[in-house]
Amino acid sequence: MADKKQQLVLSIIDFLNVSIEDGTVKQDDREGLEVAIQCIGEAFGVDPSDETQRERLSIKPAKLQTIFDVFLKTRDKVGSTSSPQASTSSGISSKTPSTEDKTKAERFKQTGNAHMTSKRHDQAIDSYAQAIALDATNPVYYSNRAAAYASKGDHASAVLDAEKAIEVDPTFVKAYSRLGHAQYTLGDYKSAAAAFKKGVELDPTNANLKAGLQSAKDRIPADEDEDEGPPPLVREDEIPAATAGAGAGAGGMAGMADMLRNMGGMPGMGGGAGGMPDIASLMNNPAMMQMAQQMMANGGLANLMSNPSVANMMERMQSGGGMPSMEEIMGDPTLRNLANQFGPGAGR
C-alpha cells in the first residue's frame, strides 16, 4: 500500500517538475513550487533523484496526465449513457440494425481498414464511427476503432472502445487483447493483467494474450500480484494483426523468421527504405541468425516477443500504422536494452 502512495507521489512530483521546466508555472512561482516538491517528497519518503527507487515506483510509459485523461473520458462516458442524447454524441444507436444498415456498416468498416493501411488514422476512426452508428451490435467495429486510436497514440480512447466491444459481446476475444495492450501502455498493469487473463480464459490457445498476461503480471508490485492465469496463440481480427509472441519458445526462431519475412513485404520495409535494411536479407544473414539464436539461448528472444509493447508495435505496423519512432523504441526498457546490446559494432 505504501508503494501505491509513493507511486502517486512520484507521479505528482514528476508532473510538477515538468510544469516548471515547460513554462507552465510562472517564474515568480517556481521557487515556492520547488520547495513544495521537496516537502512532499520528504513527507512520503520519495526521492526523485534515487534511480533505484524511481525504477521501482515509476509508472512509465504512462504519465499522471494520461491516467487523468482516462478518468475524465470514462466519467464522461458513464455520464452520457444516462442522457437521451447519448446515441447522438457517442455515435452509438440502440436500434436493431436492418439488413441494409448492416451492409452499409460493413462498407464503412472496409473503408476504415483501407484508411488504416494508408496510415490515415483519423479518417479510419470516422469510418468506424459511421459503421457503429449503423450497427452498434458488432464488436468488431469498436475493436477496429480501438486499434486506430492506439495507432495514433490515444490509448485512453482505445481503452473505452475495447471496453465497449466487450460490453457488446463479452466473448469477443480480440477486444480483451486490445484492452490489455492499451492499459499496459498507459501503465495500468493490474487492469491489463485482468484483461489478458479474461481473454485467455475464453481462448486458452492464444499466445499473444498469454504473453501479455505474463508481461503485465511481471510489472505489478509484489503486494498487488494477481493469481496465476491459465495457459494460453494468435487469433486474427478484421484488421490484420501481428503474431508477436507466437512461438517464442522452442520453435521461436522459425516463428520470428516468418514474421520478419512477412514484414519484408510491407510498404517501407523492403531494401533500404528510409535507411532501414532489407528484412528478408537480414534473416538470411548468418551473423544475424547467430545473434538471434544466442538471444533464444539466454531467454532474450522470449522476453522480447512476450513484451506487449513489441506486440502492439508489430500489430500497428501490420495494420498500416507505420514503423515506431526511435523515441518510442528507446522509451521501452526491453527494446532499449536490445538496442544497446546490438548497437554499433555488436554484430561485427
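Analyst: Glu 106 and Lys 109 are three residues apart in helix H6 (residues 99-117), so about one helical turn separates them. Helices here (H or I, at least four residues) and strands (E, at least two) are DSSP runs, numbered from the N terminus. The model is a predicted one, in which local features need pLDDT of at least 70 and side-chain atom pairs count only at pLDDT 80 or more, while totals for chains, interfaces and linings use all residues. Residues are numbered from 1 along each chain as its sequence is written, and side-chain values use heavy atoms, with hydrogens and water left out.

User: Why does a spacing of three or four matter in a helix?

Analyst: An α-helix has 3.6 residues a turn, so residues three or four places apart point the same way.

User: What do the side chains of Glu 106 and Lys 109 form?

Analyst: They meet in a salt bridge, at 3.1 Å from N to O; the term stands for a side-chain nitrogen of Lys or Arg within 4 Å of a carboxyl oxygen of Asp or Glu.

User: Is Lys 109 buried or exposed?

Analyst: Lys 109 counts as buried, at 2% relative accessibility, whereas Glu 106 is partly exposed with a relative accessible area of 30%. Buried means under 20% relative accessible area, exposed over 50%, and partly exposed in between (1.4 Å probe, protein chains only).

User: How many salt bridges does the structure hold?

Analyst: There are six. One of them joins the side chains of Lys 152 and Asp 122, at 2.6 Å from N to O. Lys 152 lies in the loop between helix H8 (139-151) and helix H9 (155-168) and Asp 122 in helix H7 (residues 121-134), so this pair ties together parts that are 30 residues apart in sequence. Both ends are partly exposed, Lys 152 with a relative accessible area of 41% and Asp 122 with 43%.

User: And which residue does Asp 161 meet in a salt bridge?

Analyst: Its partner is Arg 145, again at 2.6 Å from N to O. Asp 161 belongs to helix H9 and Arg 145 to helix H8, so the pair ties together parts that are 16 residues apart in sequence. Both residues are buried.

User: Changing topic, what is the secondary structure of the whole chain?

Analyst: The protein chain has 19 helices and zero strands. Of its 348 residues, 43% are buried.

User: How many residues of H10 are buried?

Analyst: For H10 the count is 13 of 13, so the rest of the structure largely encloses this helix. The length of H10 (residues 173-185) also agrees with expectation, because 13 residues at 1.5 Å each should span 18 Å and the end C-alpha atoms are 19 Å apart; the expected span is 1.5 Å times one less than the number of residues. After H10 comes Gly 187, which has a positive phi near 90°.

User: Is Glu 51 buried or exposed?

Analyst: Glu 51, which is found in helix H3 (residues 51-57), counts as exposed at 56% relative accessibility.

User: And Asp 218, where is it found?

Analyst: Asp 218 is in helix H12 (residues 207-219) and, at 55% relative accessibility, counts as exposed.
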